[in-house]
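Student: I would like to learn how to read the strands, core and rings of a model. Can we go through one together?
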Amino acid sequence: MADEEGRVFLRGISSETYGLSEFRRRQRAAPRVRRAGTVTDDATVGHSGDSDDRLSRTWWMLGPGDEPFLTQTLQLHFVELKPGGSNHGHGHQNEATFYILEGTGYEIHDGKRYDWAKDDFVIVHTDSVHRHYNASKTERALALVIKAKATWMALGMIQQGRGKPFDDGASYEPARDWSQLWTPGATDKKKVVKKSETKWENTRDGFVRVISSPERTDVRTNSVDLYEQEIASKSARHWHMADEVAYVLSGSGESVQWDVEAEIGDRYQARIAKEPTRWKFGAGDLVYVPQNTVHQLVNTGHEALHVLVGQNRLFKLLGYDSVVYLEEARESEREAMARSSAPSR
């Protein structure tokens, strides 16, 4: 699906045969690390006219129109708000989530203000008219936007656009509040998750700070699960159905990935590759893990590795909410001892 200027909102899947192995082969053959500074779209291709370089700037790192194609399960772009700047107000049916990398600012969503600062997690809820503002007159604000927009598109929820008068008021009844269709209690949930409202935990996957998950029922997102992870040595070697993105906040490392094939005989079974592929990365890079892949993050630097890990929650709602741990997380003895005696964050 594309607009008249060529933006791809949703990529189709087609084949001359019933099997789709060639499509998956091409997807797997694409590089699984997008380097810092990669711009796959600079918002000049039909992105709602949302950026004015004097006030704000938008650029994409991952999306369904990319060549080579990786995924449309999650899309990532950056929004930079210049000092005192803002973008244009607009509305769409899909959710969008923002992780604030730099600065302070606020949102106006349906006429209501929500303030944010560095390391906060901000949610633009479904069916929202919204606009983003930088509160500083001297420093820029920068947000990493993570969303599952193609999920809404695939389900036919494509009503979006810039604010303007309704075109054909004479043919329609007076406006109604769209929120009548939302799940009861939705408006009581958090739109901004402060870093102080999260906590670091030792888990089977290592040291993580959960920001958004199905268990966090107080957070108003239904589509994006996100956590920050600190890795001293290695994360767990684990397997889940959801594909995954990891944005590298600091440090350097290697993503070790074992492809999984389906054996379709009398039963539907999985075959894990004996040899992995290895993908090196550094700060500002984006690491991609395809659907149904065994994977592990390894710290190759001298300092702790910090990553933001995101998934589309739809996989869990479709019945793929289990994680298989093939190897537990491993941390250096020095780091583990330091943590055990350090004050909680």
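Tutor: Start with pairing. Two strands count as paired if DSSP finds at least two bridges between them. Keep in mind that this model is predicted.

Student: How many bridges join β15 and β23, and in which sense do they pair?

Tutor: Strand β15 (residues 224–231) and strand β23 (residues 305–312) share eight bridges, and the sense is antiparallel.

Student: What is the strand order in the six-stranded sheet?

Tutor: The order is β2-β3-β10-β5-β8-β12, in an open sheet with antiparallel pairing. At the edges stand β2 and β12 (192–193); each has a single partner strand, so one side of each lacks a neighbour in the sheet.

Student: Let us look inside that sheet. Which strands does β3 pair with, and over how many bridges?

Tutor: On one hand, β3 is joined to β2 (residues 56–62) by six bridges, antiparallel. Arg57 has Glu80 of β3 as its bridge partner. On the other, seven bridges join β3 to β10 (residues 141–147), again antiparallel. There, Gln75 is partnered by Lys147 of β10.

Student: How do I read the side chains of a strand?

Tutor: In a regular strand the side chains alternate between the two faces of the sheet. In β3, Gln75, His77, Val79 and Leu81 point one way. Leu76, Phe78 and Glu80 point the other way.

Student: Are the residues of β3 buried or exposed?

Tutor: The cut-off for buried is under 20% relative accessible area. Seven of the seven residues of β3 (residues 75–81) are buried, so the strand is largely enclosed by the rest of the structure.

Student: Which residues touch the most other members of the largest nonpolar core?

Tutor: Phe78 and Leu144 do, in a core of 25 residues. Several strands each supply at least two residues of this core, among them β2, β3, β5 (96–102), β8 (121–124) and β10. β15, β17 (244–250) and β21 (286–289) each supply at least two as well.

Student: What is Phe78 in contact with, beyond its neighbours within four places in sequence?

Tutor: The contacts are Arg57, Thr58, Trp59, Met61, Leu101, Leu142, Ala143, Leu144 and Tyr247. Two of these names return in a ring cluster: ring pairs link Trp59, Phe78 and Tyr247.

Student: How do I classify a ring pair?

Tutor: Use the angle between the planes: under 30 degrees is stacked, over 60 is edge-to-face, and the rest are tilted. The count here comes to six aromatic pairs. One of them, Phe23 with Phe69, is tilted, at 6.1 Å centre to centre and 50 degrees between the planes. Phe23 lies in helix α1 (residues 21–29) and Phe69 in the loop between β2 and β3, so the pair ties together parts 46 residues apart in sequence. Both Phe23 and Phe69 are buried.

Student: How are the rings of Trp200 and Phe207 arranged?

Tutor: They are stacked, 5.1 Å centre to centre, with 20 degrees between the planes. Trp200 counts as buried at 14% relative accessibility, and Phe207 does at 8%.

Student: Which charged residues sit over rings?

Tutor: Take two cases. Arg113 lies over the face of Tyr106, 3.7 Å from the ring centre. The charged end of Lys191 sits over the ring of Tyr114, 4.2 Å from its centre. Tyr114 also has a place in a strand pair: it stands in β7, opposite Glu107.

Student: How many bridges join β6 and β7?

Tutor: Six bridges join β6 (residues 104–109) to β7 (residues 112–117), and the two run antiparallel. Their hairpin has two residues between the strands, and Asp110 takes a positive phi near 50 degrees.

Student: One last residue. Where does Asp66 lie, and what is it in contact with?

Tutor: Asp66 lies in the loop between β2 and β3. Its relative accessible area is 7%, so Asp66 is buried. Leaving aside neighbours within four places in sequence, Asp66 contacts Arg11, Arg34, Thr40 and Met61. Asp66 and Thr40 are 26 residues apart in sequence, yet 6.5 Å apart in space, C-alpha to C-alpha.

Note on methods: Residues numbered from 1 in each chain as written. Predicted model: local features only at pLDDT ≥ 70, side-chain atom pairs only at ≥ 80, totals over all residues. Heavy atoms only, no water. Helix = DSSP H or I, 4+ residues; strand = E, 2+ residues; numbered from the N terminus. Buried < 20%, exposed > 50% of the residue type's maximum accessible area, 1.4 Å probe, protein only. Core = buried A, V, L, I, M, F, W, Y, C linked by side-chain atoms within 4.5 Å. Contact = heavy atoms within 4.5 Å. Phe/Tyr/Trp six-rings, centres within 6.5 Å; stacked < 30°, edge-to-face > 60°. Lys NZ or Arg CZ within 6 Å of the ring centre and 35° of its normal.
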